[in-house]
Amino acid sequence: MSYPTLPQSQRAWTFTSRGLPREILALNSDFAVPPPPRGANLLIRVSHVSLNPGCYVAMATIPPLVRRLVSGNREYVSEGEFAGVVHLAGPAAPAHLCSGARVFGCMPVPKLIAGAGTLAEYFVIPAESVALVPDTMRWPEAAGLAGGGQTAFNMLIETTLRPGTRVLVNGASGGVGTMVVQLAKAQGAYIVATCSGANVDLVKSLGADQVVDYRVNTPLPTHLAKAYGAEPFEYILDCIGTQALFEQCASYLTPTGLFVNVGNFEGPGITIWHAMLNTYLPCIFGGVPRRYKMISTTPNGEKAAGLARMVEEGQLRVVVDEVFQFEDAMKVGLRLAPSAQHV
Ligand SMILES: NC(=O)c1ccc[n+]([C@@H]2O[C@H](COP(=O)([O-])OP(=O)(O)OC[C@H]3O[C@@H](n4cnc5c(N)ncnc54)[C@H](OP(=O)(O)O)[C@@H]3O)[C@@H](O)[C@H]2O)c1
């Protein structure tokens, strides 16, 4: 197999200011292709990118000045997850990540802050951030496994699950939640999951024992207290960031239980504020008498490889509901506009 020399320019979805994707993203057809990679870096030719709400939040909150100070650039590429082919490998890259290798992964957080995203035809990433795509895995699934899978993996690290451990997964039909349900089920947990009615069958098929439609059972904390107060959960794994769910959880989370949150759908600033209160406010000052932990994604190639093995062994599947052409990326952004408005 031979690989063409690099083109000078490429297409990339870029932005220069702060805001929601539909306000600031534009398709640049003349964006510079990075030079051949140095050290243990890889130049990737992108096949598929999975769009992530966390990146919309970052676009809406990180000031361009910060991005400029970190990167020295004035134009930034969005998104952080991908599946693609190693086009060129730096001289110190591991031998198995040679030109032509099919890989997937997530851009490290400092690079995301710098605006070195993946929604482009080519980009550079450290070799330690990628893993090989299993032969049996299709491109869209590989792209979807990278971020949601590793975030779910990090949430599960906080737990000690035994067969029958009672777990609530909030937001079980999303990129993170679908993975959390499967990873917890693989350890034998008894899972109650929330999602909207249209996704109940999907979430059950992933392993949830009971599914609660959060749109019908409102307010959700009141419903959970009634339905599960007698048999409370040992863990609540929140993939949405629903503050009311934590504030009232003493009614449905055991006194020794743990609430783990990864979501920020209520807005990044307010989520950080709540996370600090939830973690540190003593009960005598009105704090909730339950343990709380907010976690973030720290992706790496080793975790990605572990998830890929689980997919190969049939223990994990990636839910892909639709695939868009590169030039139609904004159709996804527009569809997600209602959530994005929380930003
Ligand atoms: N993906 C990642 O790598 C990653 C990494 C770190 C942090 N996060 C954060 O984790 C959160 C979730 O990300 P994601 O990628 O899973 O998002 P996603 O794929 O857009 O999924 C969000 C899901 O949330 C559900 N939902 C919306 N409002 C809800 C509510 N009030 N109660 C219960 N479910 C609700 C929706 O379910 P229905 O369609 O069934 O209504 C949807 O399936 C975001 O805040 C994101 O920033 C994600």
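Trainee: What should I know about the model before we start?
Mentor: It is a predicted model, where local features need pLDDT of at least 70, side-chain atom pairs count only at pLDDT 80 or more, and totals for chains, interfaces and linings use all residues. Residues are numbered from 1 along each chain as its sequence is written, and side-chain values use heavy atoms, with hydrogens and water left out.

Trainee: Which strand order does the open sheet have?
Mentor: The order is β11-β10-β9-β12-β13-β14, six strands with parallel pairing. Two strands pair if DSSP finds at least two bridges between them. Helices (H or I, at least four residues) and strands (E, at least two) are DSSP runs, numbered from the N terminus.

Trainee: Which strands are at the edges?
Mentor: β11 (210–213) and β14 (291–294). Each has a single partner strand, so one side of each has no neighbour in the sheet.

Trainee: How are neighbouring strands turned?
Mentor: By 15° against each other on average, direction ignored. Axes are lines fitted to C-alpha atoms, for helices over the stretch in contact, and angles run from 0 to 180 degrees between N-to-C directions.

Trainee: How many bridges join β9 and β10?
Mentor: Four, in the parallel sense. Val167 stands opposite Ile191 in β10. Val169 has Ala193 of β10 as its bridge partner.

Trainee: Is β10 enclosed or open?
Mentor: Five of its six residues are buried, so β10 is largely enclosed by the rest of the structure. Buried means under 20% relative accessible area, exposed over 50%, partly exposed in between (1.4 Å probe, protein chains only).

Trainee: Switching to helices. How many residues of α6 are buried?
Mentor: Nine of the twelve, so α6 is largely enclosed too. The buried ones include Val176, Met179, Val181 and Leu183.

Trainee: What covers them?
Mentor: The cover includes α5, β9 (166–170), β10 (190–195), α7 (200–205), β12 (233–238) and α11. Contact here means heavy atoms within 4.5 Å.

Trainee: Which span should α6 have?
Mentor: α6 (residues 175–186) should span 16 Å at 1.5 Å a residue. The expected span of a helix is 1.5 Å times one less than its number of residues. The end C-alpha atoms of α6 are 17 Å apart, which agrees. Just after α6, Gly188 takes a positive phi of about 90°.

Trainee: And where do α5 and α11 cross, at what angle?
Mentor: The axes of α5 (residues 139–157) and α11 (residues 301–312) come within 10 Å and cross at roughly 100°. The two helices are therefore roughly perpendicular to each other. Angles under 35 degrees count as roughly parallel, over 145 as roughly antiparallel, 65 to 115 as roughly perpendicular and the rest as oblique.

Trainee: Which residues make that contact?
Mentor: Leu145, Gly149, Gln150, Phe153 and Asn154 of α5 meet Lys303, Ala304, Leu307, Ala308 and Val311 of α11.

Trainee: Last topic. Is Gln182 buried or exposed?
Mentor: Gln182 is buried, with a relative accessible area of 7%. Gln182 sits in helix α6. Leaving out residues up to four places away in sequence, Gln182 touches Leu206, Gln315, Leu316 and Arg317.

Trainee: And where is Thr254?
Mentor: Thr254 is in strand β13. At 15% relative accessibility, Thr254 counts as buried. With residues up to four places away in sequence not counted, Thr254 touches Pro232, Phe233, Glu234 and Arg290.
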